[in-house]
Amino acid sequence: MIALVLLLLSGNDSLGVSAAERARLDQGEVIVSSSAAPDQLGKVATARAVIDAAPEKVWPLVWDCARFSQTMPSIAKSEMVERTDTTTLCRVVADLPFPFSDLTSLSRAVLEVEPGVRWQRSWKLVEGDYTVNQGSFTLVPWGTGKTLATYRIDARPKVPLPDWMLAKLQTDRLPEMMARIRKEATGP
């Protein structure tokens, strides 16, 4: 108990959440940020939100790519091509605004579950209309019956998109994605 109190008073915890971010998350805010990709050639967009459902209830919305057209903005079509206990192979079609063509990707995801601790889906591009499409979706318990969801994506389409459009696709849609996941996770 003393360790927990010290952890909360320290202003930063093992999840990399500062006291100020914790307050924003607990108020229902979706925190979106962007940083340089490890190769310094692209951007990694990150979104964090608290979902009022236990991780076990949120997890199917994260790993089951057949549901992505329901939970992810701009996804026109999504299908599970193959699944094992620890991996999925998913085909996803992203709907881009006119005059751009839709983007298709085939990605392999690794599913890692430590019950009660962490649920994570990490994916990498196998083939498609991107030079890079990789990221992760991580869920951890956040108090009783709640989940801290962290989504990270580095997606670079082969088609030249204006920087403003790529930024909009990667960051502006993330709060909507979290809102959809919240709705699906807390619905009937």
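These notebook entries record what I looked up in a predicted model.

**Basis.** I number residues from 1 along each chain as its sequence is written, and side-chain values use heavy atoms, with hydrogens and water left out. Because the model is predicted, local features need pLDDT of at least 70 and side-chain atom pairs count only at pLDDT 80 or more, while totals for chains, interfaces and linings use all residues.

**Disulfide.** I searched for cysteine sulfur atoms within 2.5 Å of each other, the criterion for a disulfide, and the count came to 1. The bond joins Cys 65 to Cys 90, with an S to S distance of 2.1 Å. It links distant parts of the chain, 25 residues apart: I found Cys 65 in the loop between helix 3 (55-63) and helix 4, and Cys 90 in strand 4 (residues 87-94). Helices (H or I, at least four residues) and strands (E, at least two) are DSSP runs, numbered from the N terminus. The torsion about the S-S bond is about -85 degrees, so I recorded the disulfide as left-handed.

**Accessibility.** I took buried as under 20% relative accessible area, exposed as over 50% and partly exposed as in between (1.4 Å probe, protein chains only). Cys 65 is buried because its relative accessibility is 0%; Cys 90, at 1%, also counts as buried.

**Ser 74.** I located Ser 74 in the loop between helix 4 (68-71) and strand 3 (75-83). Its phi is near 70 degrees, a positive value in a residue other than glycine. Ser 74 has 23% relative accessibility and therefore counts as partly exposed.

**Arg 83 and Trp 63.** I noted that Arg 83 lies over the face of Trp 63, at 3.9 Å from the ring centre. The rule requires NZ of Lys or CZ of Arg within 6 Å of the ring centre and within 35 degrees of the ring normal.
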